[in-house]
Amino acid sequence: QLVESGGGLVQPGGSLRLSCAASGFSLNRHAIGWFRQAPGKEREPISCITGSDGSTFYADSMRGRFTISRDSAKGTVLLQMNSLKPEDTAVYYCAANGVFRTCEADDFGAWGQGTQVTVSS
């Protein structure tokens, strides 16, 4: 069971940090991906981090404003989001898989329920 937290309402230009945690176990060795889905749009990848060596991957449109990282002490994965825009409004999901293949939704087997991020003045 994955649980996302940290979503909410933020003004344009603001920042949020999302966290992905698992019930009862650490995510330190799992490949983790962050994805989002806006109303009427398909789910899209944001960023992924491997479990083996911590390599990170970003969708081209997300590079620069979003940063994925691990909090190894807590066994969680974070997504720092800066300079948020209204078009970033979406439900944000984290997903896990034992092995990293690609940063695409189909390659992740376990998903959280999502957390709403709304960017509005």
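**View 1. The largest nonpolar core and the residues at its centre of contacts.** Of the 27 residues in the largest nonpolar core of this predicted model, Trp34, Phe66, Leu79, Met81 and Tyr92 touch the most other members. A nonpolar core is here a set of buried Ala, Val, Leu, Ile, Met, Phe, Trp, Tyr and Cys residues joined through side-chain atoms within 4.5 Å, where buried means under 20% relative accessible area, exposed means over 50%, and partly exposed lies in between, with a 1.4 Å probe and protein chains only. Two or more residues of this core come from each of S3, strand S4 (31–37), S5, S7, S8, S9 and strand S11 (115–119); strands (E, at least two residues) and helices (H or I, at least four) are DSSP runs, numbered from the N terminus. A second, separate core of 6 residues includes Ala31, Cys48, Ala95 and Phe108. In soluble globular proteins, nonpolar side chains tend to be buried together.

Residues are numbered from 1 along each chain as its sequence is written. Because the model is predicted, local features need pLDDT of at least 70 and side-chain atom pairs count only at pLDDT 80 or more, whereas totals for chains, interfaces and linings use all residues, and side-chain values use heavy atoms, with hydrogens and water left out.

**View 2. The surroundings of Tyr92.** When neighbours within four places in sequence are left aside, Tyr92 is in contact (heavy atoms within 4.5 Å) with Glu4, Leu18, Phe35, Arg36, Ile46, Phe66, Leu79, Met81, Gly114, Thr115 and Val117. Among these partners, Phe66, Leu79 and Met81 are listed with Tyr92 as core residues that touch the most other members.

**View 3. Glu4, a buried acidic residue without a salt bridge.** Glu4 has its place in strand S1 (residues 2–5). Glu4 is buried but has no salt bridge, and the nearest side chain of opposite charge, that of Arg43, is 7.7 Å away; in this count Lys and Arg are positive and Asp and Glu negative, while His and the chain ends are not counted. The side chain of Glu4 does reach the backbone nitrogen of Cys94 at 2.9 Å, and the backbone nitrogen of Gly114 at 2.8 Å. Beyond its neighbours within four places in sequence, Glu4 is in contact with residues including Ser19, Trp34, Tyr92, Gly112 and Gln113.

View 4. The whole structure holds 4 salt bridges, each being a side-chain nitrogen of Lys or Arg within 4 Å of a carboxyl oxygen of Asp or Glu. One of them joins Asp60 and Arg63 at 3.8 Å, N to O, and Asp60 is exposed, with a relative accessible area of 68%. Another joins Glu44 and Arg36 at 2.7 Å; Glu44 is partly exposed at 31% relative accessibility, whereas Arg36 is buried at 9%. In a further salt bridge the closest N and O atoms of Arg65 and Asp88 are 2.8 Å apart. Arg65 lies in the loop between strand S6 (56–58) and strand S7 (66–71), and Asp88 in the loop between strand S8 (76–81) and strand S9 (90–97), so this pair ties together parts that are 23 residues apart in sequence. Arg65 is buried at 15% relative accessibility, and Asp88 is buried at 0%. Through salt bridges that share partners, Arg36, Glu44, Arg65 and Asp88 are joined into one network.

**View 5. The two disulfides.** The count comes to 2 disulfides, a disulfide being a pair of cysteine sulfur atoms within 2.5 Å. Cys20 and Cys94 form a disulfide with their sulfur atoms 2.1 Å apart, and this link is right-handed, with 70° about the S-S bond. Cys20 lies in strand S3 (residues 16–22) and Cys94 in strand S9, so the pair ties together parts that are 74 residues apart in sequence. Cys20 is buried at 0% relative accessibility, and Cys94 is likewise buried at 0%. A disulfide also joins Cys48 to Cys103, S to S 2.0 Å, and this link is right-handed, with 85° about the S-S bond. Cys48 is in strand S5 (residues 44–49) and Cys103 in the loop between S9 and strand S10 (110–111), 55 residues apart, and both are buried. With bonded cysteines counted along the chain, the disulfides follow the pattern 1-3, 2-4.

**View 6. The backbone at Ser83.** Ser83 is found in the loop between S8 and S9 and has a positive phi of about 50°, although it is not a glycine. Most residues other than glycine have a negative phi. Ser83 is partly exposed, with a relative accessible area of 41%.

Conventions. Polar contact = N/O pair within 3.5 Å; in protein donor to acceptor, adjacent residues only side chain to side chain.
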